[in-house]
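Work through the exercises below with the sequence and the 3D view open. Each task is followed by a solution in steps.

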Amino acid sequence: MKKIVSLILIAFTAVTFTFAQENSKSESKEEKSEVIKLSIEDAVSYALSHSRTLKSNDIDLEIKKRASSNSWNVFLPNVQASGTMSRANEYSPSNSGTLQAINGALAMNGMKNFLPVKDGYDKEEDRWSTVGTVSASWNFTPAYIAQIKIAKAQYEAGKISWEQSQRETITNIKKMYYGLLLQQESLKIQKTSLENARQRMIQAQTNFRNGAIPEIQYLQTQVNYENAKPDVDSAEQSLAQQIDLFTFMIGMPVGTNIELTDSIEPVYVDVSADDLLAKYSDNDLQIQNLEKNKLAAKLGITAADFSTWLPTLALSYSYQPVYIGSEGAWHFSKDIGDGEKWYDSGSFSATLVWNLTNMLPWSSNRQKVKDYKQQLAQLDLSIETLKENQKVQVRKAVDTLTQAKEQIDVMGRNVTLAQRAYDMTARSYRNGTTELLDLRDAEASLNQAKLGQINQKFQYISALMDLENTLNVSLTESK
């Protein structure tokens, strides 16, 4: 009886464990199969918050911002504090002269606690001395002002670079989103063609069994269907890989199952290349960035000139108390509050310094000025090149927009005609009055027209984003 009960308990436990495992597996499958619906605006918003590239750019900008905000710290004085206890190995004859000088200073100040002048050390405590020092120095040169302006110009250039990176990243994300939509539409057309091939194969199999068609015709439909399957599988795999790349790009975990909710439908704009260049040519972020770099180079020349031809003002002050108690340095702790036991050997100084080496034409400072001037020449060339390239890119984008819009209209009419031709050919094939080859040609023409129209829509959207990115302007926000 006990054995039976034990067997029942074991069986119940096994069933319960298996049921729990199945539930956990089904729950994990449900979690894995959870689909996240993603519009293009959702993708951009998510990327702005989670993209690793953009986070790195934020850190770079924060470094430049901190450097700009704290660039005034060149005016901070250098303050140091130190304390020293030292032991003399041998008695120096100069010590007696030093002690006499200190005694003279004490006498002038009305103090009575004179130091004994000796020819040597009487005991171990006399070998020790205690010195504390608090010093402050402050330098000023007009070059500091130029350095502060350089830091602020570099921060402004950093903000432009950050904005440029933001726009380029957003543009790439949008392009990739529409590219995925293009791949999905292409895959959908391929799957439709595969399903049509499967239906034709089933129909041919039925007709062959009924003796309506020869076996060779049935085999042809079967071969066409089997040949189309690898292309569809390859397209599905490529789409899955691109989706993984897209999720990685926007900062989502790789393998996230997403559903794209938008469609490839462009917003048309009526633009002229000359008008766009006249209005927005100065908006180019690359040109603005180079202008800020020019400003930094000019300020660098100013800073180098200031450090060459103008002096540096150096102020220094030190407070250096020396313990002069007669009982020796070992007992200074009990005399620490007694002003008569201490002597201040500190000083104050004000100095004007000219660096004569910097004035030499072959010095590193003057060579740096020459480097800055050559950088300015290079920046001017780069700006001129960018402006000419901007004209080329704007004209190219506008031409692409015009051509793509015309092709979209043409392809739209072609899709309508190709669909009618395919429907008529399919009916004729089902009635046995049209060959399979003619049906496949009609289907290929229909697919080509559909893909051509979608591709032209993608080209229009891509060219418009490139145009807006080049001119740093939104041409569709009022649409």
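**Exercise 1.** Does T141 count as buried or exposed?

*Solution.* The model is a predicted one. Begin with the position: T141 is found in the loop between β3 (128-140) and α5 (143-209). Next, take the relative accessibility of T141, which is 7%. Buried means under 20% relative accessible area. T141 therefore counts as buried. Finally, list the contacts, leaving aside neighbours within four places in sequence: T141 touches F306, P311 and T312.

**Exercise 2.** Classify the ring pair F75 and F140 and locate both residues.

*Solution.* A ring pair is described by the distance of the centres and the angle of the planes. The structure holds seven aromatic pairs. For F75 and F140, the centres are 6.0 Å apart and the planes lie at 20°, so this pair is stacked. The pair links distant parts of the chain, 65 residues apart: F75 sits in the loop between α3 (52-69) and β2 (78-87), and F140 in strand β3. F75 has 28% relative accessibility and counts as partly exposed. F140, at 26%, also counts as partly exposed. Together with W138 and Y144, F75 and F140 form one aromatic cluster.

Terms used: Residues numbered from 1 in each chain as written. Predicted model: local features only at pLDDT ≥ 70, side-chain atom pairs only at ≥ 80, totals over all residues. Heavy atoms only, no water. Helix = DSSP H or I, 4+ residues; strand = E, 2+ residues; numbered from the N terminus. Buried < 20%, exposed > 50% of the residue type's maximum accessible area, 1.4 Å probe, protein only. Contact = heavy atoms within 4.5 Å. Phe/Tyr/Trp six-rings, centres within 6.5 Å; stacked < 30°, edge-to-face > 60°.
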